Amino acid sequence: MQCRTDCGACCIAISIHRPFFGMPGGKPAGVRCVHLSQTMRCGVFGDPRRPLVCDAFMPEREYCGDTREQALARLSQLEQDSVPDTIASRSTV
């Protein structure tokens, strides 16, 4: 599967916990990456400063669905489901 034009869901939905070029505090889930262009493309694609997690992410129908909205919903749910129990329990207290 190829990246969908005008999507950028992976650059918004997922969190990146390590500091990286342009985002020294990392990127919280649901926050647009500073490198996401107005055309919803990665501005550091192919750049060695691009986070490894981004470089490793490959578009797949299971995660990206058939629309941008599906991709945002699925990736957001995956992000929530992957939060360790210790962090999740702190946010509900």
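The largest pocket holds about 420 Å³ of space. The model is predicted. In this model, 23 residues line that pocket. Elsewhere, a search of the whole structure turns up three salt bridges. The disulfide count is zero.

**Pocket**
- Cys3, Cys10, Arg41, Phe45 and Arg50 are the lining residues that lie nearest the centre of the largest pocket.
- Three elements, α1, α2 and α4 (68-81), each give two or more residues to that lining.
- Arg50 is one of the residues nearest the pocket centre, and Arg50 also takes part in a salt bridge with Asp55.
- Arg50 touches Cys42 as well.

**Nonpolar cores**
- The largest nonpolar core has eight residues: Cys11, Ile12, Ile16, Phe20, Met23, Cys33, Leu36 and Met40.
- Another core lies apart from the largest one. This other core has six residues, including Cys7, Cys64, Ala71 and Leu75.
- Cys33 belongs to the largest core. Leaving aside neighbours within four places in sequence, Cys33 is in contact with Cys11, Phe20, Met23 and Lys27.
- Of these contacts of Cys33, Cys11, Phe20 and Met23 are also members of the largest core.
- Cys64, from the six-residue core, is buried, with a relative accessible area of 9%.

**Salt bridges**
- Asp47 pairs with Arg49, and their closest N and O atoms are 2.8 Å apart.
- Asp47 is partly exposed, because its relative accessibility is 21% and the cut-off for buried is under 20%.
- Arg49 is also partly exposed, at 43% relative accessibility.
- Asp55 pairs with Arg50, and the closest N and O atoms are 3.3 Å apart.
- Arg61 and Asp66 meet through their side chains, at 2.8 Å from N to O.
- Why do Arg61, at 49%, and Asp66, at 53%, fall into separate classes? Exposed means over 50%, so Arg61 at 49% is partly exposed and Asp66 at 53% is exposed.

- A disulfide is a covalent bond between two cysteine sulfur atoms.
- The count for this model is zero, with a cut-off of 2.5 Å between the sulfur atoms.
- Cys42 is in no disulfide. The nearest cysteine sulfur belongs to Cys11 and is 5.5 Å away.
- Cys64 is in no disulfide either. The nearest cysteine sulfur there is that of Cys7, 6.4 Å away.
- Cys64 and Cys7 are both members of the six-residue core.

- Where does Cys42 lie? Cys42 is in the loop between α1 (10-13) and α2 (52-56).
- Cys42 is partly exposed, with 27% relative accessibility.
- Not counting residues up to four places away in sequence, Cys42 touches His35 and Arg50.
- Cys42 and His17 are 25 residues apart in sequence. Their C-alpha atoms are 18 Å apart in space.

Technical notes. Residues are numbered from 1 along each chain as its sequence is written. This is a predicted model: local features need pLDDT of at least 70, side-chain atom pairs count only at pLDDT 80 or more; totals for chains, interfaces and linings use all residues. Side-chain values use heavy atoms; hydrogens and water are left out. A nonpolar core is a set of buried Ala, Val, Leu, Ile, Met, Phe, Trp, Tyr and Cys residues joined through side-chain atoms within 4.5 Å. Buried means under 20% relative accessible area, exposed over 50%, partly exposed in between (1.4 Å probe, protein chains only). Contact means heavy atoms within 4.5 Å. A salt bridge is a side-chain nitrogen of Lys or Arg within 4 Å of a carboxyl oxygen of Asp or Glu. Helices (H or I, at least four residues) and strands (E, at least two) are DSSP runs, numbered from the N terminus. On a 1 Å grid over the protein atoms alone, a cavity is a set of points where a 1.4 Å probe fits but cannot get out, and a pocket is an open set with protein on both sides within 12 Å along at least five of seven lines; lining residues have an atom within 4 Å of a point. Grid points are joined across faces, edges and corners, and a volume is the space filled by probe spheres set on the points.
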